[in-house]
Amino acid sequence: MSLHPSLQSYADAWTHSVEAISELVTPLVEGEWNRATPCPGWSVRDVVSHVIGTDCEMLGDPRPIHTLPRDLYHVQNESQRYQEIQVDVRRHHTAPEMVSELEYTIIRRSRQLRNETREPSTIVRGPRAVEETLEFAMRRRAFDIWVHEQDLRQALGRPGNLDSPGAYVTRDMLLAVLPKIVAKDAGAPAGSAVVFDVHGPVEFLRTVRIDAEGKGTIDGAPSLGPAATLALDWETYVRLSCGRVTPEAVADRIKTEGDADLASAILHSLTVTP
């Protein structure tokens, strides 16, 4: 294998999710491509267009030259505008055209991964024109495509793969940002601790601790007297973290103890949209 061992898990996660997406959408009839997904403003076709477009950028393809319509209500900032180009340029593509381009992109990207010899620390130009390490680009790609696989599953009524390789990449990506969310975004007080108890196909118990300077750290040891405890299932945690639902919409699936205001602030700060 030419791929660096530390990158293999991300390549495997991408492969698992993209093949699942292909299997989900290949048999769809034309109308099913227009179904709304939990991803704001995007249909099934739009999500698949995003998957294709992002992998084309990972391949180094030039971006389409395309002017966006002015009435896309869900496009509100430069990052969203950047992403929407690859989506809008395919909005009139037929189902056979979408499937054909997806399959061709999978073939090309799989070949690229098989032949990848660069070190994980190599600086590359990733999606959204951001320079980052190859390792981070591949990790974020595995995260992004698994979340969009789940968007498609929700839209098509085909649940599954909540514990696939991409789910564990997603778990690690989301846990990495929890200290900042709790300490800075939600404003947890210095010297406090917040416990997250997530159950379901992917389970974890983590404590975010805020030191005297207000900085957050995370570990797997329980806290004897946390300021707040949040218990919820894995799917709900993902959907909240990726901006697919509001805390109010899934309140019946969340149990909180302790400081109610802090718990609410954390739940409203969770979103890390891929």
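How does the lining of the largest cavity divide by class into nonpolar, polar and charged residues? The lining has three nonpolar, four polar and six charged residues, where Ala, Val, Leu, Ile, Met, Phe, Trp, Tyr, Cys and Pro count as nonpolar, Asp, Glu, Lys and Arg as charged, and the others, Gly among them, as polar.

This is a predicted model, in which local features need pLDDT of at least 70 and side-chain atom pairs count only at pLDDT 80 or more, while totals for chains, interfaces and linings use all residues. Residues are numbered from 1 along each chain as its sequence is written, and side-chain values use heavy atoms, with hydrogens and water left out.

**Cavities**

The structure holds two cavities of 30 Å³ or more. A cavity is a set of points on a 1 Å grid over the protein atoms alone where a 1.4 Å probe fits but cannot get out, and its lining residues have an atom within 4 Å of a point. Grid points are joined across faces, edges and corners, and the volume is the space filled by probe spheres set on the points.

| Cavity | Volume | Residues from H5 in the lining |
|---|---|---|
| Largest | about 150 Å³ | four residues |

Of the 13 residues that line the largest cavity, His50, Thr54, Gln83, Pro127 and Arg128 lie nearest its centre. Two or more residues of this lining come from each of H2, helix H3 (78-88) and helix H5 (134-156), helices here being DSSP runs of H or I with at least four residues and strands runs of E with at least two, numbered from the N terminus. The lining of the second largest cavity includes Val147, Gln150, Asp151 and Gln154, together with Glu235, Val238 and Arg239. H5 and H7 are the elements that give two or more residues to this second lining, which divides into five nonpolar, two polar and four charged residues.

**Helix pair**

The axes of helix H1 (residues 5-25) and helix H2 (residues 44-58) come within 12 Å and cross at roughly 145 degrees; axes are lines fitted to C-alpha atoms, for helices over the stretch in contact, and angles run from 0 to 180 degrees between N-to-C directions. The crossing is left-handed, a term used if the near helix is turned anticlockwise from the far one by less than a right angle. Trp14, Val18, Ile21 and Val25 in H1 meet Val44, Val48, Val51 and Asp55 in H2, contact meaning heavy atoms within 4.5 Å. By class, the residues of this contact are seven nonpolar, no polar and one charged.

**Sheet and its helices**

Five strands form an open sheet of mixed pairing in the order S5-S4-S3-S6-S7, two strands being paired if DSSP finds at least two bridges between them. Strand S5 (216-219) and strand S7 (254-258) are the edge strands, each pairing on one side only, and neighbouring strands are turned by 15 degrees against each other on average, direction ignored.

Strand S6 (residues 228-233) pairs with S7 in the antiparallel sense over five bridges, and Ala231 stands opposite Lys255 in S7. Helix H7 (residues 234-241) packs on the sheet, touching strand S3 (193-199), strand S4 (204-210), S6 and S7, and its direction makes about 105 degrees with that of S6. Helix H8 (residues 260-267) lies across S3, S6 and S7 and runs at about 45 degrees to S6.

S4 and S5 also pair in the antiparallel sense, over four bridges, with Val208 opposite Ile218 in S5. Their hairpin has five residues between the strands, and Gly214 in this hairpin takes a positive phi near 85 degrees.

Key. On a 1 Å grid over the protein atoms alone, a cavity is a set of points where a 1.4 Å probe fits but cannot get out, and a pocket is an open set with protein on both sides within 12 Å along at least five of seven lines; lining residues have an atom within 4 Å of a point.
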